[in-house]
Amino acid sequence: MADDVIRFSEPDVGEDEVAAAGRALLSGWITTGEECLALEAELAEFLGVDHVVAVSSCTAALEIAVAHLDLPRGSRIGIPTWTFVSTAMAAVHRGLVPVLLDVEADSMNLCPESLSAALHSSEGLDAVIAVHFAGIAVSETIHHLCSSAGVPLIEDAAHALGSTDFRGLVGGSGTAGCCYSFYATKNLTSAEGGAIATDDERLADFARSFRLHGLSKDAWARYRPDARTLDYDVVGDGLKANLPDVLAAVARVQLRRFNQMQTRRREIVTQYRRLLDNCPVRFVPAELNPNSADHLFVVILPHGADRAAIQADLKNRGIGTSVHFRPLHTFEWFATQGFGPGPSGLPVAGRLAERALSLPLHPRLSDSDVTRVCDALSTAIDSEHAA
Ligand SMILES: Cc1ncc(COP(=O)(O)O)c(C=O)c1O
């Protein structure tokens with residue numbers, strides 16, 4: 001094993017984040033309060049949306065968006081099979097049935113034909129969650145298909161803070177909520193955390209209550225120095241999914257540094273594409289997409305390549321990799337629950353399930369780290385082919 005390890009992901013946090021967390025810890029109020037309110041206002045301004053509600057994770061944000069739809073149990077929700085399990089779990093927790101949809105080979109984003117077939121099948125769909133995979137927003141066609149079928153579209157933007165599409169910055173405009181993650185590996189991190197962005201005031205009010213047990217007033221509203229009343233009501237069911245001020249303080253610093261971190265990500269992605277030009281892999285997407293948030297750098301390995309062997313080889317050279325994603329339909333539990341594919345099947349996801357590999361991508365990578373990853377990947381593929 002090499003001494004100098006290149007981690008797949010590394011949080012780009014420094015003294016400013018430490019100082020902000022420290023200040024919040026010593027401020028006398030460490031859970032959801034003024035830092036969280038400030039983060040929500042700053043994120044809303046950054047995204048150009050009316051409302052942002054900070055929560056404990058993207059999973060919670062998704063569950064809130066699904067709960068707000070208030071669909072009967074057993075309703076069918078279209079979800080790309082190429083996603084993290086939490087996209088589906090958020091719907092399952094609200095009693096919905098995921099219908100697994102296929103993705104486009106180039107972007108691994110929700111495939112319009114697969115969505116259209118499910119929307120127009122005899123059973124139809126009652127809602128859709130689209131995932132902006134790896135930082136690239138789903139196509140405008142996905143929005144049109146949902147709106148012309150009258151089906152609400154929730155955005156899983158765990159990878160898409162800073163992505164742009166036909167609306168400008170991805171931020172929930174015209175959809176049933178846009179859900180972000182501030183998990184440790186994300187472009188902006190507070191270790192754990194998330195947010196829901198929307199222009200819909202009713203969804204924002206619902207989210208503020210649902211993130212805290214369905215209470216009419218959160219703790220900050222009741223206990224802050226100028227609070228008028230300690231009383232509260234329970235206006236619905238809900239989660240315990242508020243974001244503490246200590247984490248919100250870290251996220252605020254990250255937001256201030258966001259553009260600078262994104263610039264470094266783009267440099268790294270550009271370098272990967274240049275250095276791997278002669279390597280027998282395909283990039284996701286094939287061409288650099290200027291609208292991407294560059295959350296992941298995913299390559300498709302040559303047909304027949306042993307991905308596990310290549311990952312092991314890279315690991316022995318001190319290089320961490322990951323897989324985004326093992327498609328949902330390959331997990332045993334989904335099959336046992338009967339959460340199967342939509343009417344057009346999952347040919348692309350099925351074909352590429354064993355071939356996608358995510359290379360290290362975070363702002364702390366140096367140019368020489370990227371060169372080392374590229375050299376190691378080329379060597380690993382060559383030796384795997386020769387074996
Ligand atoms: C596409 C996608 N959706 C949702 C999530 C869940 O995010 P969180 O860990 O903040 O709940 C992730 C996390 O990795 C993800 O990749």
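**Figure 1. Glu40 in helix α2.** In this predicted model, Glu40 belongs to helix α2, which covers residues 34–47. Glu40 counts as buried because its relative accessible area is 6%, below the 20% limit for that class. A second residue, Glu113, gives a sense of span: 73 residues separate Glu40 and Glu113 along the chain, and their C-alpha atoms are 36 Å apart.

**Figure 2. The residues around the ligand.** The ligand sits in the largest pocket of the model. There are 16 residues around the ligand, and those that come nearest are Thr59, Asp156, His159, Ser181 and Lys186. Two helices, α3 (58–69) and α4 (85–93), each contribute at least two residues to the shell around the ligand.

Figure 3. In the side chain of His159, an N or O atom is 2.8 Å from an oxygen atom of the ligand. Ser181 places a polar side-chain atom 2.7 Å from a ligand oxygen atom. For Lys186, a polar atom of the side chain is likewise found 2.7 Å from an oxygen atom of the ligand. On its own the ligand exposes 390 Å², and 91% of that is buried by the protein.

**Figure 4. Thr189 in a loop between two strands.** The loop that holds Thr189 runs between β8 (178–181) and β9 (194–198). With 3% relative accessibility, Thr189 is classed as buried. A polar atom in the side chain of Thr189 is 3.0 Å from the backbone oxygen of Phe182.

Figure 5. A disulfide is a covalent bond that joins the sulfur atoms of two cysteines. The count for this model is zero disulfides. Cys178 is in no disulfide either, and the nearest cysteine sulfur, in Cys179, is 6.6 Å away. Cys111 is buried, at 12% relative accessibility. Cys178 is buried too, at 0%.

**Figure 6. Ala118 in helix α5.** Helix α5 spans residues 112–119 and includes Ala118. Is Ala118 buried or exposed? The relative accessible area of Ala118 is 0%, so Ala118 is buried. Asn289 is 171 residues from Ala118 along the chain, and 28 Å separates the C-alpha atoms of the two residues.

**Figure 7. Two cis peptide bonds.** Most peptide bonds are trans. The bond from Val284 to Pro285 is cis, and its omega is near -5°. Pro285 is found in the loop between β10 (282–284) and β11 (297–300). Another cis peptide bond leads from His324 to Phe325, with omega near 5°. Phe325 is part of the loop between α10 (307–316) and α11 (332–337).

**Figure 8. Two residues with positive phi.** Most residues other than glycine have a negative phi. Asp70, which is not a glycine, has a positive phi of about 55°. The loop between α3 and β2 (76–80) contains Asp70. Asp70 is exposed, because its relative accessible area is 67% and the exposed class begins over 50%. Met108 is not a glycine either, and its phi is positive at about 60°. The position of Met108 is in the loop between β3 (97–101) and α5. Met108 is buried, with a relative accessibility of 1%.

**Figure 9. Arg222 in helix α8.** Arg222 is one of the residues of helix α8, which covers 219–223. Its relative accessibility is 9%, so Arg222 counts as buried. Tyr232 is ten residues from Arg222 in sequence, and the distance between their C-alpha atoms is 8.1 Å.

How values were computed
Residues numbered from 1 in each chain as written. Predicted model: local features only at pLDDT ≥ 70, side-chain atom pairs only at ≥ 80, totals over all residues. Heavy atoms only, no water. Disulfide = S-S within 2.5 Å. Buried < 20%, exposed > 50% of the residue type's maximum accessible area, 1.4 Å probe, protein only. Near = heavy atom within 4 Å. Polar contact = N/O pair within 3.5 Å; in protein donor to acceptor, adjacent residues only side chain to side chain. Areas by Shrake-Rupley, 256 points an atom, 1.4 Å probe, with all protein chains shown as cover. 1 Å grid on protein atoms, 1.4 Å probe; cavity = no way out; pocket = protein on both sides within 12 Å on 5 of 7 lines; lining within 4 Å. Sits in = over half its atoms within 2 Å of the grid points. Helix = DSSP H or I, 4+ residues; strand = E, 2+ residues; numbered from the N terminus.
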